[in-house]
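Good morning, colleagues. Please look at the sequence and the structure as they come up.

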Amino acid sequence: MSASTSRGGGGSSSGASGSGTKSRGSGSGGPCGACKFLRRKCAPGCVFAPYFDPDQGATYFASVHKVFGASNVGKLLSKIPVHKRLDAVITICYEAQARMRDPVYGCVGQIFTLQQQVLFISNLQLRLPVI
Ligand SMILES: [Zn+2]
């Protein structure tokens, strides 16, 4: 796994699939990935629907639900301005998956590792002879 890489920024496909920017709602048929996982009806205006598609979204939502709980994440998202929710979903997915891989440190383990690398590199630079 790419545990030591930086956060999958750029909103690429690291977590939530923001494939379609048009909010799917529960428009054409099936539930969103979150509601599919929770086996419930996807109501119009479902807070998860724009970010969790029915296929991969359900897989990501499984770890989000296991770590944070669906209702907590739903409440959290509804308090965030809509234009910032995608970033929140991406980081929540990232954190949940890190916690699944490393139940003790989660993504903090990755932060510690990176901090140590920064310290190591800055110590190296201190020891380099000044030319
Ligand atoms: Zn839904």
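**The nonpolar core**

The largest nonpolar core has 22 residues, and those with the most contacts inside it are Cys32, Ala34, Cys46, Phe48, Phe52, Val64 and Cys93. By nonpolar core I mean a set of buried Ala, Val, Leu, Ile, Met, Phe, Trp, Tyr and Cys residues joined through C-beta atoms within 7 Å. A residue is buried if 20 or more other C-beta atoms lie within 10 Å of its own, exposed if 12 or fewer, and partly exposed in between, with C-beta atoms placed from the backbone. Helix 1 (33-38), helix 2 (56-68) and helix 4 are the elements that give two or more residues to this core. Helix 4 supplies the largest share, seven residues.

A word on the source: this is a predicted model, in which local features need pLDDT of at least 70, side-chain atom pairs count only at pLDDT 80 or more, and totals for chains, interfaces and linings use all residues. Residues are numbered from 1 along each chain as its sequence is written.

The protein has five helices and zero strands; these are DSSP runs, numbered from the N terminus (helices: H or I, at least four residues; strands: E, at least two). Of its 131 residues, 24% count as buried.

**Helix 4 and its neighbours**

Helix 4 has 20 residues and reaches 29 Å from its first C-alpha to its last, close to the 28 Å expected at 1.5 Å a residue. That expected span is 1.5 Å times one less than the number of residues. Its buried residues are Arg85, Val89, Ile90, Ile92, Cys93, Tyr94, Ala96, Ala98 and Arg99. What covers them includes helix 2, helix 3 (70-78) and helix 5.

How do helix 2 and helix 4 pack, and at what angle? The angle is about 70°, with the axes 8 Å apart. Axes here are lines fitted to C-alpha atoms, for helices over the stretch in contact, and angles run from 0 to 180 degrees between N-to-C directions. That makes helix 2 roughly perpendicular to helix 4, a label for angles of 65 to 115 degrees (under 35 is roughly parallel, over 145 roughly antiparallel, the rest oblique). Tyr60, Ser63, Val64, Val67 and Phe68 of helix 2 meet Ile92, Cys93, Ala96, Gln97, Arg99 and Met100 of helix 4; two residues are in contact if their C-beta atoms, placed from the backbone, lie within 7 Å.

On helix 5 (residues 106-127), the angle with helix 4 (residues 82-101) is about 90° and the axes are 6 Å apart. Tyr94, Glu95, Ala98 and Arg99 of helix 4 make this contact with Gly106, Cys107 and Gln110 of helix 5.

Cys35 has its place in helix 1 and counts as buried because it has 23 C-beta neighbours inside 10 Å. Leaving aside residues up to four places away in sequence, Cys35 touches Arg40, Lys41, Cys42, Cys46 and Phe48. Cys35 and Cys46 are 11 residues apart in sequence and 8.7 Å apart in space, C-alpha to C-alpha.

Finally, is Arg39 buried or exposed? Arg39 lies in the loop between helix 1 and helix 2, and counts as exposed because it has 7 C-beta neighbours inside 10 Å. Although not a glycine, Arg39 has a positive phi of about 55°. Most residues other than glycine have a negative phi.
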